[in-house]
Structure formats: C-alpha cells, structure tokens
Amino acid sequence: MVHRVAVIGAGPSGLASMKACLDEGMVPTCFESSDDLGGLWKLKAMSEPNRASIYRSLTINISKEMMCYSDFPIPADYPNYMHHSKILTYFRMYADHFKLLQHIRFQTLVKSVKQRPDFSRTGQWEVVTENRDGQEERHVFDAVICCTGHFNYPNLPLKDFPGIETFEGKYFHSWDYKGPEDMHGKRVVVIGIGNSGGDIAAEGSRVAEQVYLSTRSGAWIIRQVSDNGLPVDMFNTRFVHILFKLLPMRFLNWLGEKKLNSMYDHTMYGLKPKHRLFSQIPVINDDLPFRILSGSVLVKPNVKEIRGSTVVFDDGSAVENVDIIAFATGYNYDFPYLQSSVMYKSGHRLGLYKHVFPPNLEHPTLGIVGFIHSDGSIMPQAEMQARWITHVFKGHKKLPSNQAMIRAVENDTKDIEKNYIVSKLTPLQVDFVAYMDDLARDIGVQPSLPWLFFTDYPLYKRLMWGPVTSYQYRLKGPGKWDGARRAIFTQFDRMYQPLKTRKLDAQRACTAGHLMKLSLIAMATGAAVYYIHIRNPTTIPTLLSNLRPQTA
C-alpha cells in the first residue's frame, strides 16, 4: 500500500501532486532544488543550469479561468492574462490554503531515483538527494511523482548554422533572455517563430534598430483578444469539441485559416506555414502582426549561413552588420535522475501510458506529471494527472497489463504522428478536452451531460456552451467540491471583474446568451454540412476545391 510519496519539483505540477496525495490520505515529501516554489514562474535574475527560465515582461497566454486549479479559483480582481508575478502569487496562495509548504524541502536536489532491491515485492524506490551544503541523503518511498517539466534543457543546434563560429556579435538561446536592454540600437536576428521567438522579436523591436525574424516553416498567429474582447480560449467549449469530432478536419482547417487571414493575411505578412492550422499548436501573439506591419520586424526564411557579421538566408538575401542572434529553437527533455530502464521510448517521445506511467514497470509506483503539450493550459491537465496517479497509487484504479499499456502507447504515438506535426523537440500533442475527459472517466469525475440535460438544464447549458474550465471535474465523484457549480456560474463574472475600472450606464450583453446563439448557428451549419457530407461525400471537397484560390 502506497503511503509515503516523493514529489520532485515544487512548480505548478508539483503543487497539484502534493495536494492530490493529501486528498488521498498519503504523505508527500517534495524536493525542490531552488529556494522557492513556482518552478518556471519564479523569475531569476540569471538563468540557472537545468532549470526553466522566463523573462521579466512575460505574461501568460492562457486566461485565468482556463488555467486555474479546479477547486481554487483565481481572485476575481486579477487580470485575465496575468503577469508572471501574479501567477507566482496565486501559487503561493494555493500552497498556503492547502498547507503544502510544510511538505516541501527547498534547496534539495534529487540526484537519483532507483528501484529498491526488493522492488518486485514492494514497488519501493530509493531516492538520493543533495542539500545546499553538498550532503547526500538516502530515502525510501512507496511511490515517486516526477514534476520537473520539459523547458529545462535549451536546444542550441549551432551545427545547423554554418559559420556561427565566425559570428562577430553576441548570440544566445531564448532561455537566457531576460529583457531587451542589450538590443538598444542594434540589428537583431531572431531564429524561430514559437511563442518565445515571437515575444522576443516584438519586444526587442521597440528598442532595436531592426529585428529580423527567421523561420524555417512559418506559423499561424492567433490573438489573445478575440471576438467581443473575450479571451480567445474562452471559446474552447464542449460544443466546439463536438463539432471537431463531427466535421471533416479539412473543412475545419479551411474555416479556421479563413478566420485568421481575415485579421491579417498570413501570406501577405510572410507568416503562412507549410502545415494546416490544427496540425500544430499556433503561436499566440497580439503584438507581432503590428510590429511586422510597422516594419520594425521583418520576416525572413531560414538562415543558410553566417559570415562574420553577415547573416545569409535560404532565399539568397543577406543582412549585414548583425549585432545579436537570438536562438528561439526550443528545448530538449530529460530526466537525468531516472534509470534508463525506466524510460520507454516511442517514436520521438518518451512513451508513457496516458502520458503519465512508464508502461514497462512491474509496479505502477512511478509517474510523470506535467509532461504534456496541448491546446489548453498545463495547470488543469497536471492537476488531473495528479488526481489520476494518486487514484492508481491507492488502488482505486488498476492499470492494464504491461503489454496492453505498451500497445496503447504505440497506438497513441501513431495517432499523434497522424494528426499533428511532431519532431524531436515537439514529440507529443493531445486534445485538451478529450484528454481531460479520458482521465476524468477513470477517476469517476467526468460530468454527465445527458443526465444534466434532464436534471439541471442551467448547468448543462454552461457546460455545453461555456468554456471547458476545470471546475467541471469537481461536480461529482472523488474530490467533489461543493463550490464547483457556483464557480461555473460565476466564471464570466470573474472574467469581467478586472475590467470594471470605469463605471458605465450601458448594460453589457449577456455573454452566455451570445455564445449560445453563436453555437446554435454553428450547430445548424455543422449539421447541414455533416448531412450533405454523409449523403454525398464528394460535394464538400468539390466545393472547397472551387473556393480555394488558384496559385500561379
């Protein structure tokens, strides 16, 4: 029986894991290598080796209602998109409220996690730690939860950039970036157009002489501020999720790309990628398109070579007198404290059953929380993983056989590679709602929409047409929270609260009603399209091919 659990890392995943352990009556001990909680969200003046790093201006691109833990709403007066300092304050409030600090051992590095000699019988682990004075200590735990994330090891592929050794200026990885001070009056090349690359290019362009944004494959750019000024992720509803299951992905890609191009034509801006919209998580950046339109950021193709202070691109163009090159080239992942026998590889990714459990262990007493990539926030997903993993530890849920889990992992890998653009640096992606529901079913906390339709229609409406917030998974079952229903009914109130800084007489329109009307229109449209597709499968493809602009 699992009682003592080691939690490695006191970031958002570690905090959720500790609380889940306490909820199940287990005793967690969290080892945190730094002097504070928060993980990625704790700003350091200088980046520290093997730790995630952020920059001073960083504001999260997930809205507060979509990122908060399921039984601890973010204060109503907090902004919808929070600065990293606000996020850290929220984590402190969460830790204080659930009395987690007493379980954390700060400035304690985990050096190794190994199976005990009697693992076949006990499933126990030996954890070796080192404190700030360099003293080692050995511990025995019934189970281990790894919460060290996947933004710790910057990928700096210098060998892919011939001539980098001749570069006369300064180059660095986005992991080292703290602010644009060194870019004043400089000519800067940013390589990579992910979220970090877009942020660095946009922020640097305010002070630099010129910023060039180099991209190998382009990217779809979406805004944080969506229709009617709502956070864009508040439109991630169960109804939209159903449409994605019913309608052809080709049609959804066409519709989504048309919507994005109506805001700014990605071809005209030089941003249009090689992949379709829903094949890869898009870049979220409201500022970058304007910086491109104003000329302070110039989009360029991939770098071909570097000659001293000159950067040459694949199209033959070149930029001279470059002072700084910023590599926003992603991250490698690693768990250096784990034995190689624990790490099951599948394709590009670390193979984990339901992205949590290594499928090759004799006892399921080790899991990884927060090692996930999706179209939603990491915090609710990590919390759901933590609830599931502790459910398994306590014996409430029995996992399949090793062979069955390995088959499931391989099938997941095939599905991921079929539906998404994956690589060594972005090896996995899941659908937020489908993944949350999958784990919730195993725990017994997935809301039953058909039942609610007949028994609690006002709640049903908010679950179907409102945003898929994590409160939905506290309505019933293990870990039920009495405040969940009220939190769902007041989520838009908390969204509006920080905007009420100037009183107006005009009454705002009912957002829930607006969303419902839009959803009904979309449902009717979707039903019609689906009916036509079933009756005559060639009609829609023929129509789309006629609508597609002809290229020279």
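Start with the whole chain in view. Among contacts between residues at least 6 apart in sequence, 68% join residues at least 24 apart. Keep in mind as you go that this is a predicted model.

**Stop 1: the whole protein**

Switch to a cartoon view and you can look for 17 helices and 22 strands. Now turn the model around: the C-alpha trace spans about 65 × 65 × 55 Å along its principal axes. How does the radius of gyration fit with a compact globule? A compact globule of 552 residues would have a radius of gyration near 24 Å, and the protein has 24 Å, so the two agree.

Next, show the surface. The protein exposes about 25,500 Å², and carbon and sulfur atoms supply 53% of that area. Then colour by charge: there are 64 positive and 53 negative charges, and their mean positions are 6 Å apart.

**Stop 2: the inside**

Hide the surface again. Of the 552 residues, 52% are buried. The largest nonpolar core has 135 residues, and Leu15 and Val113 are the ones that touch the most other members. Select residues 378-393 to see helix α9, which gives this core its largest share, eight residues. Another core, of 14 residues, lies apart from it; Phe167, Ile191, Tyr212 and Val303 are among its members.

Zoom in on Val113. Not counting residues up to four places away in sequence, what does Val113 touch? Its partners include Ile8, Trp125, Val144, Tyr337 and Leu366.

**Stop 3: Pro273**

Now pick Pro273, in the loop between α7 (249-263) and β13 (283-284). Is Pro273 buried or exposed? Its relative accessibility is 7%, and buried means under 20%, so Pro273 counts as buried. Show its surroundings: beyond its neighbours within four places in sequence, Pro273 is in contact with Ser217, Gly218, Ala219 and Trp220. Pro273 and Pro117 are 156 residues apart in sequence and 52 Å apart in space, C-alpha to C-alpha.

**Stop 4: Thr469**

Last, jump to Thr469, which sits in the loop between α13 (457-465) and α14 (484-489). Thr469 counts as buried because its relative accessibility is 1%. Which residues is Thr469 in contact with, leaving aside its neighbours within four places in sequence? Select Glu65, Met66 and Gln491 and you have them.

Key:
Residues are numbered from 1 along each chain as its sequence is written. This is a predicted model: local features need pLDDT of at least 70, side-chain atom pairs count only at pLDDT 80 or more; totals for chains, interfaces and linings use all residues. Side-chain values use heavy atoms; hydrogens and water are left out. Helices (H or I, at least four residues) and strands (E, at least two) are DSSP runs, numbered from the N terminus. Buried means under 20% relative accessible area, exposed over 50%, partly exposed in between (1.4 Å probe, protein chains only). Contact means heavy atoms within 4.5 Å. The radius of gyration is taken over C-alpha atoms; the globule rule is 2.2 Å times the number of residues to the power 0.38. Accessible areas come from the Shrake-Rupley method with a 1.4 Å probe; for residues, only the protein chains shown count as cover. Lys and Arg count as positive and Asp and Glu as negative; His and the chain ends are not counted. The place of a charge is taken as NZ of Lys, CZ of Arg, CG of Asp or CD of Glu. A nonpolar core is a set of buried Ala, Val, Leu, Ile, Met, Phe, Trp, Tyr and Cys residues joined through side-chain atoms within 4.5 Å.
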